[in-house]
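Please open the model in your viewer with the cartoon and the side chains at hand, and follow the selections in the order given here.

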Amino acid sequence: MFGKSSRPSMSDTIISYGTVMEGHLNCQSNLRIDGQFKGTITCQGTVIIGNNGEAHANIEAKQIINAGTIYGELKAAGKLTITSTGHLVGNCVSQSIIIEEGGTLNGISKMEGPESSAEQIRTSISLPSSSIEGSSTSNDDNQQLETDVLFPQDQSSRYHPNKKKKRKEKQAG
């Protein structure tokens with residue numbers, strides 16, 4: 001009516017300190033928990049567990065910031081941050097993870113991204129085509145070749161601590 005949309009605007013959901021809630025929560029926007037929550041959370045935005053917040057929940061969100069206590073399984077499409085006051089007891093899957101000094105993670109962390117880091121390393125290294133194409137070597141030989149390219153063994157002497165000292169003596173004398 002008056003040219004305005006009848007669709008309500010999205011706003012953050014807050015579970016305040018002193019509030020206890022149980023069930024399944026599905027949020028289209030951000031969620032902040034300063035009270036207590038027990039159940040499951042699915043969030044399209046960021047889930048923030050405040051300093052006094054406590055969640056006994058499995059949480060799936062775009063991003064998770066934990067400054068309180070979480071008991072459960074977490075899945076963040078983006079970043080998981082555990083602040084210096086945050087505690088997580090459970091497993092987590094995220095694209096990246098930050099744990100500040102004082103924060104704790106008691107569980108297993110798995111990092112997943114659009115492409116695994118091992119695959120990114122392989123595609124960024126250009127190996128001579130003759131060593132791969134038409135080669136009748138075994139897989140063990142190919143793995144050794146990749147290892148040699150990534151970590152050349154003949155370069156290890158290059159980082160000897162006394163080499164810099166010898167170089168200075170040679171230049172001075």
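Predicted model: local features only at pLDDT ≥ 70, side-chain atom pairs only at ≥ 80, totals over all residues.

Begin by selecting β7 and β10, two strands that run parallel and are joined by 3 bridges; strands here are DSSP runs (E, at least two residues), helices are DSSP runs of H or I with at least four residues, and both are numbered from the N terminus. Two strands count as paired if DSSP finds at least two bridges between them.

Residues are numbered from 1 along each chain as its sequence is written, and side-chain values use heavy atoms, with hydrogens and water left out.

Which residues of β7 lie on its covered face, and which on its uncovered one? I64 and N66 form the covered face, whereas Q63 and I65 form the uncovered one.

Next, select L31, I41, V47, I59 and L74, which touch the most other members among the 22 residues of the largest nonpolar core. Such a core is a set of buried Ala, Val, Leu, Ile, Met, Phe, Trp, Tyr and Cys residues joined through side-chain atoms within 4.5 Å. Colouring by element, you will find that β2 (20-27), β3 (31-33), β4 (36-43), β5 (46-49), β6 (54-61), β9 (74-76) and β10 (79-82) each give two or more residues to this core, with the largest share, 4 residues, coming from β6.

Centre the view on L74, which is in contact (heavy atoms within 4.5 Å) with I59, I64, L80, L88, N91, C92 and V93, once its neighbours within four places in sequence are left aside.

Then move to T69, in strand β8 (residues 69-71). Is T69 buried or exposed? T69 is buried, with a relative accessible area of 18%, since buried means under 20%, exposed over 50% and partly exposed in between, using a 1.4 Å probe and protein chains only. Not counting residues up to four places away in sequence, T69 touches I49, G53, E54, A55 and H87.

Finally, select the whole chain, whose secondary structure comes to 4 helices and 15 strands, and in which buried residues make up 24% of the 173 residues.
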